[in-house]
Amino acid sequence: MNNNFNWTRQLRYQAYEAWPQDYQTILKEQTARSPWRLDYHIQPPTGLLNDPNGFSFFNGKWHLFYQTYPMGAVHGLKSWYHLTSENLVDWHEEGLKLLPSTPFDSHGVYSGSALPVNDKLFLAYTGNVRDENWTRTSYQLGAWMQPDGEIVKLTNPLISEPPFGYTQEFRDPQVIFFKNEYLLLIGAQNQNEQGEILVYRSPDLDTWSYAGPLQFTQQSMGFMIECPNLVFIAGKPLLLFCPQGLVHSSLDYQNIYPNTYVIGEAYDIETNQLTRPSDLKNLDEGFDLYATQAFNAPDGRALAISWIGLPEINYPTDSFGWAHCLSIVKELTIEHGILHQRPVKEMKQLRIDSPVFLNQSTSKIDAGQNRYELNLDFKENQTGEIYLCSDSTQNNGFILSFDRSHGKMKIDRSLSGEVFAEDFGVTREFTITQEPLSLQIFVDTSVVEIFVNDGKQTASARIFPSSEQTTLWIECDEAFSGSLWKLRKMNE
Ligand code: FRU
């Protein structure tokens, strides 16, 4: 059904109410027939999911929203979909919560963030508006969520236009509380079509004054920066963002757009700069990670979650009327100046039964289902190949190979089922540090998340294997040790 649609702009931006009453029911059935539905990752009930939004802890629960177009696997009229959780692994669907309903967000409730203030949750987001010539106007908007989940939008924009010298590519506000005042960090494009991050300050979330572009690099950051996030880890600022059109001499990346980060020594609000910024780095070495949202949780952790999907690329689930998922939740730390991203400890709550231990140089396991966590430890200088989601022939699968003596790791999804996004390459290769290699790998039907060396690097990938591809092979030049845990489904 979805396939046969001619997704004209008119259809994509048609009001949800204008769709036939049974449309959602039929779409849900179609989505449910898809072979690649996930078991413990957040995915849309129907339609398209993109950026995580409003990740926060409020009223005794974790809250998370995501961008969605519920009518099909295309980017159309966007809203926020709401989820809550008590443990960061079992998420309860609360439904569509922030919908286009005013002249300031008529063509989409775009990305934003949340901050608990007293007994309410403040939401900051972008209202996307198009005129009859499809010219964009972007408003930075606010809303309050009550403890009972009711959301009331503010009548007037927080910021009704970009500052002088910037275009209407102006979105994705992150609201934080920093040294007794509120800040908004907003993704922007200047009139020379360069990406920047703009900062606004407010004493009360009501009146906002422009503090200028955030200083964190001497390099040009492409034509647009999306989804900026500033978090503090043991006092050090970590800036996450998505530069679009970044020149490859500034950063080695293969995805259409990278998700990147910079670590600073401090953030000085008066000069609006990250002092002593590190080089720009890729947040993930894999194929599909974007729009990461991180926040400082009240329990002291810096938590992050990402969209596993990329703009402007078709995915094999599109024909089933849905697309994309979110990553598992990760804890961010900075150790000896190096960013570590680890699965949150709550992920252990998904483990079932006891693990299968691995201790030879070759292992072949029919996992039965692609729903597991694999922990592997190799000695220094080992070389090996891991085939995830292979059939019994070992001629295919998602192949992860490493050559420790050369400090290289490669992932290859060309034989992992339905191939897609070939224009951006079917392999990724990256350098790993010289130390005994440890891998923690989460597999869930059509997504793989790899944590290398205790989270010093991560690599994420969507894959679309056939129903026969449930075997796991590990082949190594010497014995290694490992364990395989089956995982339960979310909310089970
Ligand atoms: C990033 C993004 C954001 C925007 C949202 C719209 O993926 O383009 O910049 O707010 O998606 O859905």
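Biologist: Which residue in β30 does Leu400 stand opposite?
Modeller: Leu400 stands opposite Ile411 in β30. Strands here are DSSP runs of E, at least two residues long, and helices are runs of H or I, at least four, all numbered from the N terminus. This is a predicted model, where local features need pLDDT of at least 70 and side-chain atom pairs count only at pLDDT 80 or more, while totals for chains, interfaces and linings use all residues. Residues are numbered from 1 along each chain as its sequence is written, and side-chain values use heavy atoms, with hydrogens and water left out.

Biologist: OK, and how many bridges join β29 and β30?
Modeller: Strand β29 (397–403) pairs with β30 (408–415) over 6 bridges, in the antiparallel sense. Two strands count as paired if DSSP finds at least two bridges between them.

Biologist: What sheet are they part of?
Modeller: An open one of 6 strands, ordered β26-β35-β28-β29-β30-β31, with antiparallel pairing. At the edges sit β26 (362–366) and β31 (427–431), and each of those pairs on one side only.

Biologist: Switching topic: which residues of helix α2 are buried?
Modeller: Tyr23, Leu27, Gln30 and Thr31 are the buried ones in α2, which spans residues 23–32. Buried means under 20% relative accessible area, exposed is over 50%, and partly exposed is in between (1.4 Å probe, protein chains only). They're on the same side of α2 because they cover an arc of only 100° around the axis, going by the directions from the helix axis to the C-beta atoms.

Biologist: What covers them?
Modeller: The cover includes β1 (47–58) and β21 (322–323), with contact meaning heavy atoms within 4.5 Å.

Biologist: And the largest nonpolar core, which members touch the most others?
Modeller: Ile42, Phe55, Trp91 and Leu303, out of 46 residues. A nonpolar core is a set of buried Ala, Val, Leu, Ile, Met, Phe, Trp, Tyr and Cys residues joined through side-chain atoms within 4.5 Å. Strand β20 gives the largest share of this core, 4 residues.

Biologist: Last one: where is Asp477?
Modeller: Asp477 is in the loop between β35 (471–476) and β36.

Biologist: What does Asp477 touch?
Modeller: Leaving out residues up to four places away in sequence, Asp477 touches Asn381, Gln382 and Thr383.

Biologist: How accessible is Asp477?
Modeller: Asp477 has 44% relative accessibility, so it counts as partly exposed.
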